[in-house]
Amino acid sequence: MAKKTHDTPMLDELEGGPWPSFVTGLKRLAKDNDMMVDLMGQLETSYRTRKGYWKGGTVGVFGYGGGVIPRFTELKDENGKPVYPDAAEFHTLRVQPPAGMHYDTKTLRKLCDIWEKHGSGLIAFHGQSGDIMFQGIRTDKVQDAFDELNENGFDLGGAGPALRTSMSCVGAARCELSCYDEARALREVINNNLDEMHRPALPYKFKFKFSGCPNDCVNSIQRSDFATIGTWRDNMQVNHQYSRAYFSAHGMTDLVNDVVARCPTKAIQVMKRGEADAKAGPQHSVAELDDELRLVIDNKDCVRCTHCLNVVRGGLLPGKQRGVTILVGGKGVLKIGSSMGTVIVPFMKLETDEDYEKLKELARSVLDFFAENALEHERVGETVDRIGLVNFLEALGLDVDPNMISEPRGNPYVRTDGWDAEVAKWQSRKKDAA
Amino acid sequence: MSMRQPIESGAPDPMPLLHPLLRKNYGKWIYHDHPRPGVLMHRAASGDEVWTVKAGTQRQMDVHTVRKLCDIADQFADGHVRFTTRSNIEYMVADPAKVDPLIAALTEAGFPIGGTANSVSMIAHTQGWLHCDIPGTDASGVTKALMDELHQEFVKCEMPNRVKLSTSCCEINCGGQADIAVIVQYTKPPKINHDLVANVCERPAVVARCPVAAIRPALVNGKPSLEIDEKKCMCCGACYPPCPPMQINDPDTTKIAIWVGGKNSNARGKPTFHKLVASGLPNNPPRWPEAAAVVKKILLTYKADARSWERMIDWIERIGWGRFFEKTGLPFTKYHIDDWRGARRTLNASTHIRF
């Protein structure tokens with residue numbers, strides 16, 4: 001039995017309603033846990049005064065410089081003593097989840113047992129960077145909790161100016177649009193750079209995220225410095241059984257309104273069988289709708305937005321030559337305003353061991369460039385902003401490509417006396433590719 | 001006593017944790033169906049089918065809740081689960097006959113079934129007063145209050161396309177981009193506790209942090225401190241994390257703003273950032289009814305007016321921002337016109353006008 005609970009009239013109001021209540025969970029823990037009794041006292045105070053009462057500090061585990069988020073209460077009485085002493089220290093351990101956030105119940109129960117033994121018993125699945133957040137532990141228990149988690153196959157995540165915990169979508173585990181092995185890519189890249197995560201020494205945070213297709217279910221383009229998004233470069237595949245099933249269930253109006261008209265580059269046409277058969281070949285995909293009609297996709301016009309694959313489920317699928325587009329520079333508001341990742345590699349094949357090795361090398365090169373060239377508290381997108389994309393590409397040895405821009409330069413403010421040499425490079429690359 | 005060296009194992013391998021059917025058909029899926037809200041059926045090239053039941057959780061879970069979810073997995077769902085990026089839990093089963101009993105068990109335990117396809121999914125959110133060191137509001141509480149209001153939209157999947165929501169407890173927006181985002185908006189410059197600045201803050205770092213160069217070092221009452229040009233300050237709060245004596249939070253002047261039209265998918269149009277549509281809403285715990293009312297009004301207007309497969313931003317781009325404000329009844333003010341860097345590209349450089 002824990003000590004007497006505090007009155008929490010405002011939090012109590014969050015116990016009603018149909019959605020699962022975190023307050024009910026806090027109360028269950030508070031029955032035999034003094035830390036949670038006092039945590040509820042402080043949280044109720046925040047609800048009443050509309051102010052936060054945590055400050056950071058320095059708490060860690062042996063051998064690592066990050067991964068623990070220290071929280072000390074600032075809610076003190078007139079003598080400087082914590083008003084809620086049993087929650088005066090309420091740190092979080094950030095722990096990396098299995099890629100794709102898959103668990104079996106044995107593992108989850110083990111995590112619960114460890115956290116009940118050493119910490120508050122409150123766990124968030126998952127934080128916005130993907131960590132399992134074990135919330136609420138005293139300084140003197142942090143090492144023991146970490147040791148036991150670590151012995152069971154789990155490792156701390158990132159915090160501060162460091163490589164951060166990563167996320168990948170469900171991908172190859174259960175999605176027909178997956179264009180590469182997302183979990184493998186995540187583990188190859190992240191686990192190759194753990195020193196940057198565990199001993200923070202970068203100019204600022206650096207995030208990788210891995211989405212299996214352009215639907216980008218882990219929001220890599222907006223939320224990561226290095227977004228790895230699955231795509232394909234050959235023709236879309238078709239499965240006539242499913243394209244016919246779509247048409248028979250939805251008919252011509254849905255096909256026109258939801259599929260043809262919504263293609264952003266007008267790459268889709270409906271054709272009669274004979275006309276479509278004549279088109280079938282190097283750049284067109286032809287899916288049967290019924291015995292007479294065909295859906296014809298001009299793959300040279302297609303930008304792989306993936307909308308029609310979302311609608312005609314199973315009928316239209318990614319091509320066979322699969323890989324990723326890599327975009328750099330996505331980030332949130334601070335300090336220049338939100339910015340999207342932009343393309344630095346339009347297509348990188350990702351199938352063989354050598355392909356994954358190349359991805360790892362590129363990731364390492366970008367991290368090295370960031371470590372050496374970014375200003376303090378500057379995200380890599382801001383570095384690219386400051387030095388220009390071309391300088392960034394040249395430093396990494398990447399060739400320019402029209403897929404990196406929305407449109408060419410719109411002003412003459414550029415010194416072009418190297419023009420002929422650049423044209424020669426372009427011609428030579430074209431020759432090599434041919 | 002020698003200290004234990006950490007095992008730097010990094011991100012764990014998910015393969016041993018996968019449901020056996022997911023492991024067997026890894027990378028070989030060819031089709032999925034959405035037979036009812038909260039249920040997905042995936043088919044592999046081998047002909048295998050796996051059924052997924054998705055349920056909402058409170059994200060911030062006590063171990064008893066997690067164990068309850070495990071009990072359900074062991075009893076009804078082959079002992080495997082996964083979490084989505086929005087903290088929904090997914091149970092995979094090989095036998096379709098297990099779907100109904102699984103749904104019944106989750107429902108009985110209070111976990112709503114839904115969040116698939118054209119639903120309003122669970123809100124991506126931050127830490128708030130529970131754990132953040134710089135929060136302007138709570139996060140779990142805002143989310144609980146909103147999801148109570150939107151529960152039917154989670155379980156029914158009746159929206160024109162999927163809807164992603166987020167909440168953030170300061171302007172840094174850790175909750176992320178969303179179709180509708182609920183974000184703290186500060187309205188007054190920070191109040192500086194000059195007694196503490198010299199001891200707590202690295203002053204040059206704070207000066208460098210300000211996006212509009214409104215902060216400079218100053219001697220105040222004989223002590224080294226900082227001062228703010230209040231005409232320049234746009235109240236973003238960026239100085240507060242590196243320097244807590246720059247107190248930006250205030251019970252009354254910290255407001256809530258609503259942003260719409262963020263989309264990270266590349267489907268149809270390119271990804272977009274959300275845009276400010278409402279602000280000045282009170283930070284009103286425990287249920288934030290004013291913010292919830294605006295979110296609901298926008299959602300219901302979108303639901304009634306958008307065409308199939310239009311995400312929030314697709315719908316607004318078709319009807320135009322003028323009609324968005326008209327249809328939602330939200331006022332349009334001078335604060336909606338951007339004046340940050342690059343703002344001119346947000347102005348209408350054409351005679352394309354809707355009447």
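**Figure 1. Polar contacts and salt bridges between chain A and chain B of the predicted model**. Between chain A and chain B, 72 residue pairs, both at pLDDT 80 or more, are in polar contact (a pair of N or O atoms within 3.5 Å; within protein, one must be able to donate a hydrogen and the other to accept it, and residues adjacent in sequence count only if both atoms are side-chain atoms). Helix α4 (residues 105–118) of chain A gives the most to the side of chain A that touches chain B, with seven residues; helices (H or I, at least four residues) and strands (E, at least two) are DSSP runs, numbered from the N terminus. The two chains also share 13 salt bridges (a side-chain nitrogen of Lys or Arg within 4 Å of a carboxyl oxygen of Asp or Glu). One of these joins the side chains of A:E151 and B:R4, at 2.7 Å from N to O. The model is predicted: local features need pLDDT of at least 70 and side-chain atom pairs pLDDT 80 or more, whereas totals for chains, interfaces and linings use all residues. Residues are numbered from 1 along each chain as its sequence is written, chains are lettered from A and ligands numbered from 1 in the order in which they are written, and side-chain values use heavy atoms, with hydrogens and water left out.

**Figure 2. Area buried between chain A and chain B**. About 10200 Å² is buried, of which carbon and sulfur atoms give 57%; buried area is the accessible area (1.4 Å probe) that two parts lose on being put together, summed over both. A:W19, A:R50 and A:R174 supply 10% of the area that chain A buries against chain B, more than any other three residues. The contact (heavy atoms within 4.5 Å) takes 113 residues from chain A and 114 residues from chain B.

**Figure 3. Strand pairing between the chains**. Strand β6 (residues 122–125) of chain A and strand β4 (residues 60–62) of chain B run antiparallel and are joined by three bridges; strands pair if DSSP finds at least two bridges between them. Within this pairing, A:A124 stands opposite B:Q60.

**Figure 4. Surroundings of B:H32**. B:H32 belongs to strand β1 (residues 29–36) of chain B. The side chain of B:H32 makes a polar contact of 2.6 Å with the side chain of A:E176. Leaving aside neighbours within four places in sequence, B:H32 also contacts residues including A:R313 and B:M41.
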